[in-house]
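I am opening a notebook on a structure that is new to me, and I will write down what I looked up in the order I looked it up.

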Amino acid sequence: MAAEIKRKDVIIIGDIEMGGGTFTDDFISDKALSELILSLLKRSHPVDLVLNGDTFDFLKCPSRIHPETFFPRHITKEVSLAKLKLIYTAHLPVFKAFTTFLSKRKNHIYFILGNHDHDLLQEEVQEEIKRLLGNHTQVHFPGLFYEESGVYVEHGHQYDFLFQINFEKLFLKHKGESILNFPFVSFGLISAFMRMKEQYPFLERISPRPSLLTHHRVVARKVNFKTIGYFLKSMVFYPFRFYSDPTYSFPTNLLRELYHRIRTIHFDVDNITTIFMKQNRIHNEIVILGHLHEKRIAKSRKRIIIHPGSWRDEYDFQPKTRELIPRSKRYVDISIINDKSEYKIVDYPVRRSIFHFDEVIKDEKKHILLAAKEEGYKRLVVG
Ligand SMILES: [Mn+2]
């Protein structure tokens with residue numbers, strides 16, 4: 001009797017970062033992403049679609065947009081649900097593509113936890129996503145990682161000192177309500193930087209950040225001023241002013257780290273690949289990480305670590321020409337045939353033009369809209 005061939009495909013897409021359609025939302029590739037998801041329907045064997053963290057940008061999503069955007073610090077389940085509603089409205093084509101993808105019973109979606117979608121830890125949010133996708137059996141929230149036949153997928157923020165989630169204390173109590181226990185830096189981002197992101201929405205899409213800031217002194221000064229200001233207030237003022245508010249308690253071990261970062265203007269994420277390898281607890285052949293928004297491959301004799309890059313709208317700054325080169329979107333396509341895994345890193349074609357840095361900083365909002373137009377995305381909030 002001939003052995004039956006067992007095949008399953010695993011598609012990994014990370015750091016999509018769908019937000020609320022406002023100027024703090026950096027995802028505009030609805031058209032490309034939904035096309036890609038729908039193309040998976042052609043496959044006759046089962047497909048696991050693994051969304052490797054930061055699928056949603058709850059962190060930079062306001063909880064309401066009228067009469068103006070509002071970014072609360074206390075994330076109750078109601079706040080998370082209000083944000084999810086905005087994200088759903090702003091990115092309907094992607095949700096519809098997920099739903100259609102799930103219409104085949106053999107297909108599954110896994111939402112892995114990232115640091116921008118910490119809100120997925122709220123059970124009500126998981127239930128609401130299942131409801132929005134019209135499916136309660138093929139939608140999964142496995143937590144930090146996905147594992148299957150030698151393949152290991154994790155977002156990677158747990159290896160990033162500044163964005164680690166404290167799993168010993170996932171929730172805080174505030175005024176009798178349960179709220180998400182964000183890392184100190186995430187609370188800081190919400191309170192100190194969202195208004196700035198609205199004012200300079202394009203800058204944060206450009207890499208590398210340190211060299212960029214040397215070309216934009218005004219913003220560099222503001223970033224440093226805000227960081228130092230928030231930091232000082234967090235040490236000497238907030239703990240007293242808001243003594244009953246646990247989101248203002250100050251983690252002293254951050255002091256040295258942040259001081260170092262301010263001095264070196266180091267606000268990019270840590271080298272999580274190295275930290276991951278040092279911890280060396282996972283021995284799978286194919287490891288996919290996210291969080292770093294750039295393509296990176298680390299190969300050894302026994303295994304490969306792949307960072308496919310993000311799906312947000314991002315650019316590489318060319319210092320010589322001062323051009324902004326759009327980064328391409330990528331996913332990892334793994335086929336598992338009789339427990340043997342093979343991977344492909346696939347570039348998804350999105351046609352975009354090159355912007356000029358000096359033009360962009362003259363009118364960032366105009367270029368945000370221009371980029372969206374090139375990808376056929378209609379923003380929810382223009383004003
Ligand atoms: Mn991340």
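I note here that the model is predicted. I looked up the backbone of Ser 149 next and found a positive phi of about 40°, although Ser 149 is not a glycine. Its place is the loop between β5 and β6 (151–154).

**Lys 175, for a second case**

I then turned to Lys 175, another residue other than glycine with a positive phi, here near 50°.

**Cis peptide bonds**

I looked up the bond from His 66 to Pro 67 and found it cis, with omega near -5°; Pro 67 sits in the loop between β2 (47–51) and α2 (77–90). The bond from Ser 207 to Pro 208 is cis as well, with omega near -5°, and Pro 208 belongs to the loop between β9 (206–207) and α6 (209–214).

**The sheets**

I traced an open sheet of five strands with mixed pairing, in the order β5-β6-β10-β12-β11. At its edges I found β5 (145–148) and β11 (296–299), each of which pairs on one side only. Strand β12 (residues 304–307) runs antiparallel to β11 and is joined to it by four bridges, and Ile 304 in β12 is the bridge partner of Lys 299.

I traced an open sheet of six strands too, in the order β4-β3-β2-β1-β15-β16, again with mixed pairing. Here β4 (139–143) and β16 (340–348) stand at the edges with a single partner strand each, so one side of each has no neighbour in the sheet. From one strand to the next the twist averages 20°. Strand β3 (residues 108–112) pairs with β4 in the parallel sense over three bridges, and Ile 109 stands opposite Val 139 in β4.

**Helix α12**

Which residues of helix α12 (residues 364–374) are buried? I found Ile 368, Ala 371 and Ala 372; seen down the axis of α12, the buried residues fall within an arc of 100°, so they line one face of the helix. The face turned away from that buried side carries the exposed residues Lys 366 and Lys 373. After α12 comes Gly 376, whose phi is positive, near 70°.

Note on methods. Residues are numbered from 1 along each chain as its sequence is written. This is a predicted model: local features need pLDDT of at least 70, side-chain atom pairs count only at pLDDT 80 or more; totals for chains, interfaces and linings use all residues. Two strands pair if DSSP finds at least two bridges between them. Helices (H or I, at least four residues) and strands (E, at least two) are DSSP runs, numbered from the N terminus. Axes are lines fitted to C-alpha atoms, for helices over the stretch in contact, and angles run from 0 to 180 degrees between N-to-C directions. A residue is buried if 20 or more other C-beta atoms lie within 10 Å of its own, exposed if 12 or fewer, and partly exposed in between; C-beta atoms are placed from the backbone. The arc is that of the directions from the helix axis to the C-beta atoms.
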